[in-house]
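Please find below a note on the model under review.

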Amino acid sequence: MIVTSVHKDVSERLQKINPILAYEVRKILDENKAERHIRGGMATKLKYGAKNKAS
């Protein structure tokens, strides 16, 4: 299952099955989405920082 399908399941299907759980999961997914660019930048920094030290 791809990420988009998971998010769709959470936002639509889980809401109908268990609204309270859907709310909690939505908070986590929103937080993750907000922090994603920071983790990507840190990964790039580590990747290229390691290459520069090896050179």
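With which residue does Glu 24 form a salt bridge?

1. The model is predicted: local features need pLDDT of at least 70, side-chain atom pairs count only at pLDDT 80 or more, and totals for chains, interfaces and linings use all residues. Residues are numbered from 1 along each chain as its sequence is written, and side-chain values use heavy atoms, with hydrogens and water left out.

2. Glu 24 pairs with Lys 27, the closest N and O atoms being 3.6 Å apart; a salt bridge here is a side-chain nitrogen of Lys or Arg within 4 Å of a carboxyl oxygen of Asp or Glu. Both residues belong to helix H2 (residues 19-54) and are 3 residues apart, about one turn of the helix.

3. The chain has 2 helices and 0 strands (DSSP runs, H or I of at least four residues for helices, E of at least two for strands, numbered from the N terminus). Of its 55 residues, 9% count as buried (under 20% relative accessible area; exposed is over 50%, partly exposed in between, with a 1.4 Å probe and protein chains only).

4. The whole structure contains 4 salt bridges. One of them joins the side chains of Asp 30 and Arg 26 at 3.2 Å, N to O. Asp 30 is partly exposed at 39% relative accessibility, and Arg 26 is likewise partly exposed at 28%.

5. In helix H1 (residues 3-17), Glu 12 and Lys 8 lie 4 residues apart, and their side chains form a salt bridge of 3.4 Å, N to O. Glu 12 is partly exposed, at 40% relative accessible area.
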